[in-house]
Amino acid sequence: MEKAQANALEIADWLKKQKEVTDVIYPGLPEHPGYDIMKKQARGFGAMLTFRLESKAFALSILEKVRMIKYAESLGGVETLITYPTTQTHADVPKEIRERNGITESTLRLSVGIEDVKDLLAELEKVWRETKP
């Protein structure tokens, strides 16, 4: 878990620097509203993170291009997985409720695994380069 959490924090920091990312939600970031509580009550911040992109098209393009990071609905393993909540985990939730809860058509979620973080970041950088107009 320590490795997955460390990877998640590095990926969250990388995502925050991408202009196409409008929001990164990860309790290990000091700006997260639950950060201080998590520091007091837990030994880490977990390996799940959510991010929103500037458009649905950008999100879908990322899903089409990832290879090492698997596009899968299951979020519980040692490998890094990416999911599209709109059509997967929250597909049965009405759109207005999803959006009220921050799940838009440009939202992606990562369950970060224990791979070498350099490999994960290289994959994301490659996908970003291929996806940009």
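A crossing of two helices is called left-handed if the near helix is turned anticlockwise from the far one by less than a right angle, and right-handed if it is turned clockwise. The legends below refer to a predicted model.

**View 1. Helix α3 passes helix α5 in a right-handed crossing.** The axes of α3 (residues 56-65) and α5 (residues 117-131) come within 10 Å and cross at roughly 125°. The two helices are therefore oblique to each other.

**View 2. Residues of both helices make the contact of α3 with α5.** On α3 these are F58, S61, I62 and K65, and on α5 they are V127, W128, E130 and T131. By class, four residues of this contact are nonpolar, two are polar and two are charged.

**View 3. Five strands form an open sheet with mixed pairing.** The strand order is β1-β2-β5-β4-β3. Strands β1 (21-25) and β3 (70-71) each have a single partner strand and stand at the edges, so one side of each is left without a neighbour in the sheet.

**View 4. Strands β1 and β2 run antiparallel.** Four bridges join β1 to β2 (residues 48-53). V21 has L53 as its bridge partner in β2. Helix α1 packs on the sheet, where it touches β1, β2 and β5 (107-111). The direction of α1 makes about 10° with that of β2.

**View 5. Model confidence is given by pLDDT for the protein chain.** The average pLDDT of the chain is 90, and 92% of the residues score at least 70.

Technical notes. Residues numbered from 1 in each chain as written. Predicted model: local features only at pLDDT ≥ 70, side-chain atom pairs only at ≥ 80, totals over all residues. Heavy atoms only, no water. pLDDT = per-residue confidence, 0-100. Pairing = 2+ DSSP bridges. Contact = heavy atoms within 4.5 Å. Axes fitted to C-alpha atoms, helices over the stretch in contact; angles between N-to-C directions. Parallel < 35°, antiparallel > 145°, perpendicular 65-115°, else oblique. Nonpolar A, V, L, I, M, F, W, Y, C, P; charged D, E, K, R; others polar.
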